[in-house]
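Me: I have a model open and want to go through it piece by piece. Can you take my questions as they come?

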Amino acid sequence: MSKHVELKNHQREIFYFRLRLAISIGFVLTLFGILLVRFIYLQVVRHDYYQTLAESNRISVVPIVPNRGLILDRNGVVMAHNYSGYTLEVTPNKTKGLEATIDELSTLVEITPRDRKRFKKLLAERRNFETLMIRNKLTDEEVARFAAQQYRFPGVEIKARLFRDYPYGDKTAHLIGYIGRINQTDVEQLEENEQAANYRGSDYIGKTGLEQSYEDELHGTTGVEQVEVDSGGRAVRMLSRSSPVSGNTLVLSVDAKLQEIAFQAFGNYRGALIAIDPSNGEVLAFVSKPGYDPSLFIDGIDLQTWDELNNSPDKPMVNRAVNGAYPPGSTFKPYMALGALTLGKRRPEQTIFDPGYFTFGNHTFRDDKKGGHGSVDMYKSIVESCDTYYYTLANDMGIDNISNFMRQFGFGQRTGIDIEGESEGVLPSQEWKRKRFKKPELQKWYAGETISIGIGQGYNAYTPIQLAQAVATLANNGVMYRPHLVRHITDTRTGEKTLIEPKSLRTIPLRQEDIDVIKRAMIGVNKEGTGAAAFAGAGYVSAGKTGTAQVYSLKGEKYSEGHVKQELRDHALFIAFAPADQPKIALAVLVENGGFGAATAAPIARKVLDYYLLGKVPQPLPDDAAKEGDGND
């Protein structure tokens with residue numbers, strides 16, 4: 001039998017071949033379909049997202065910090081400026097052991113314990129991948145020494161930065177203020193004001209004084225540089241650049257030389273002096289002494305120095321010019337007299353008899369002059385500073401009449417000067433006392449409390465800037481201006497000046513003949529009264545009023561300056577304007593624990609007026625000349 005031979009089935013093989021081919025093609029097409037879907041998803045649907053990621057990897061955006069604006073005095077003298085210097089900076093997360101790196105760096109560059117403390121403080125405040133300064137103001141030798149060894153210190157580099165400088169140091173500390181490193185509170189404030197973007201890359205912000213109040217003008221606009229970087233983060237080329245805009249320049253109304261003379265005139269005394277142009281409110285000198293070195297705060301003050309400043313009995317951190325409130329003493333009397341004329345409570349020629357005291361109920365208010373001044377009219381009351389005259393006047397006027405009249409001169413109100421930290425002071429009245437005290441028995445105003453108000457004591461408490469504004473208003477015949485420190489702002493790009501227009505606050509409804517009565521009496525103070533010794537031989541006619549304010553109650557004892565602790569001695573005050581007929585300058589001087597106003601405060605005013613009106617630096621007055629004014633105030 002023949003064996004069965006299975007013949008090749010071409011039809012079936014062709015079928016299987018086509019089947020395998022179809023499956024393969026379907027598989028390939030499926031894979032291509034998946035790839036196509038993925039491609040569309042990545043290139044179309046997520047295009048923006050991945051483009052942003054790619055650009056961020058390729059492009060680095062570097063902020064360019066603007067130069068901070070300058071601060072100049074009215075004559076163009078620099079009071080705050082910038083200078084360039086080198087800093088040594090560390091990026092903590094790029095170093096191989098932070099402490100070891102700093103120890104190694106200290107073999108090349110001097111790093112003091114204070115530098116280390118400041119660095120640790122910065123490290124605690126900032127994120128560790130930020131660059132932090134460990135040394136500033138490197139010398140050229142230090143820069144060269146580190147540059148030669150830089151390869152050993154990954155994450156450490158030298159940068160060129162601008163530093164702030166205050167040429168007048170403590171003399172303008174409370175006026176100019178200072179800048180300091182931006183802290184978390186500043187960051188939150190900037191974010192709240194939507195200014196955070198403009199501070200990218202900035203390390204400093206104004207903290208006090210004009211640096212703070214004019215921060216928006218001084219900071220400028222941050223620039224941006226787009227740089228292409230390689231995979232290692234190294235810059236390859238610059239793609240675009242938006243230049244920063246430097247901060248604007250502040251031109252002050254303050255005269256730097258006048259400021260310096262006023263500061264030095266205080267000698268070792270503490271106190272404040274404000275000088276104002278009565279015709280427009282421009283502040284000519286703004287002194288609070290003692291001051292401090294503002295450069296201490298720029299890169300963070302160390303704890304020991306901070307404690308020394310805060311615990312000093314001289315309180316150098318207190319801005320006495322706007323923040324300190326003091327009884328005005330007898331500098332209050334010209335306004336009391338003017339109020340009496342305005343309200344019809346006194347006529348200029350009307351006299352009282354001063355036996356040396358005033359009795360109210362069971363209490364005796366004594367005059368400084370033993371035996372009294374005898375018959376006293378308004379002129380004599382101001383020239384000789386008769387307390388008894390004003391005891392009786394205050395009793396006749398009543399506290400609310402006094403308060404309402406004095407409020408027009410700005411007593412007990414912020415002046416609105418363009419610097420932070422101003423106090424209100426205290427202008428007493430029945431309403432003020434009701435609000436001031438919680439216990440009902442303390443809220444009642446007693447008539448006896450009005451008596452001391454008349455001589456600038458009692459609850460009276462005003463800032464030196466308020467006293468200066470009040471005397472400037474009197475000199476300007478009742479027209480009051482808001483005091484201001486900046487005269488104009490110069491745009492850095494265009495050079496265009498924006499003037500700070502004088503702002504007239506009000507015109508007090510006063511009779512000119514009443515004002516003239518007060519002015520004649522104040523001229524008499526410096527010619528024949530309590531200010532005569534200090535102004536002997538002056539080459540101009542000035543008007544003034546001395547004041548001596550008690551710091552603590554004598555309780556019937558006789559005040560003797562030599563037997564009282566220095567911190568318990570009276571405050572010395574003086575207000576003045578000159579020339580008397582057409583005033584160009586009005587000022588208020590406060591000397592803490594300076595004793596009699598005639599002996600301590602008036603000579604300081606004389607020096608300032610001499611320079612401003614005559615252009616000369618006054619010589620110290622003979623000691624015996626100053627002592628002649630000790631009779632009263």
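Reply: Start with strand β11. Seven bridges join β11 to strand β23 (residues 585-592), and the two run antiparallel. Strands here are DSSP runs of E with at least two residues, helices are runs of H or I with at least four, and both are numbered from the N terminus. Two strands pair if DSSP finds at least two bridges between them.

Me: Before more detail, what kind of model is this, and what pLDDT do local features need?

Reply: It is a predicted model: local features need pLDDT of at least 70, side-chain atom pairs count only at pLDDT 80 or more, and totals for chains, interfaces and linings use all residues. Residues are numbered from 1 along each chain as its sequence is written, and side-chain values use heavy atoms, with hydrogens and water left out.

Me: Which strand does β11 join through six bridges?

Reply: Strand β12 (residues 283-289), again antiparallel. G271 stands opposite K289 there. The hairpin of β11 and β12 has six residues between the strands, and G281 takes a positive phi near 85° in it.

Me: What is the strand order in the open sheet?

Reply: β12-β11-β23-β22-β21, five strands with antiparallel pairing. β12 and β21 (543-549) are at the edges with a single partner strand each, so one side of each has no neighbour in the sheet. Neighbouring strands are turned by 10° against each other on average, direction ignored.

Me: Which helix packs on that sheet?

Reply: α10 does, touching β11 and β12. Its direction makes about 35° with that of β12. Axes are lines fitted to C-alpha atoms, for helices over the stretch in contact, and angles run from 0 to 180 degrees between N-to-C directions.

Me: Is β11 mostly covered or uncovered?

Reply: Mostly covered: seven of the seven residues in β11 (270-276) are buried. Buried means under 20% relative accessible area, exposed means over 50%, and partly exposed is in between, with a 1.4 Å probe and protein chains only. In a regular strand the side chains alternate between the two faces of the sheet. In β11, R270, A272, I274 and I276 are buried on one side, and G271, L273 and A275 are buried on the other.

Me: Now K257. Where is it found?

Reply: In helix α10 (residues 256-265). K257 counts as partly exposed because its relative accessibility is 36%. K257 touches Y611 and V617, not counting residues up to four places away in sequence. Contact means heavy atoms within 4.5 Å. K257 and V77 are 180 residues apart in sequence and 9.1 Å apart in space, C-alpha to C-alpha.

Me: Switching to helix packing. At what angle do α13 and α16 cross?

Reply: Roughly 105°, with the axes of α13 (residues 333-343) and α16 (residues 399-407) coming within 10 Å. The two are therefore roughly perpendicular to each other. The cut-offs are under 35 degrees for roughly parallel, over 145 for roughly antiparallel, 65 to 115 for roughly perpendicular, and oblique for the rest.

Me: Which residues meet there?

Reply: Y335, M336, L338, G339, T342 and L343 in α13 meet N401, I402, F405 and M406 in α16.

Me: How many aromatic pairs does the structure hold?

Reply: 21. One of them is Y335 with F409, edge-to-face at 5.2 Å centre to centre and 65° between the planes. Rings of Phe, Tyr and Trp (its six-membered ring) pair if their centres lie within 6.5 Å; planes under 30 degrees apart are stacked, over 60 edge-to-face, the rest tilted. Both Y335 and F409 are buried. F332, Y335, F405, F409, F411 and Y462 form one aromatic cluster.

Me: Last topic, backbone. Which bonds are cis?

Reply: Among them, K289 to P290 has omega about 5°, and A578 to P579 has omega about -15°. P290 lies in the loop between β12 and α11 (303-311). P579 lies in the loop between β22 and β23.

Me: What is the phi of K315?

Reply: About 50°, positive although K315 is not a glycine. Most residues other than glycine have a negative phi, and most peptide bonds are trans. K315 counts as partly exposed, at 46% relative accessibility.
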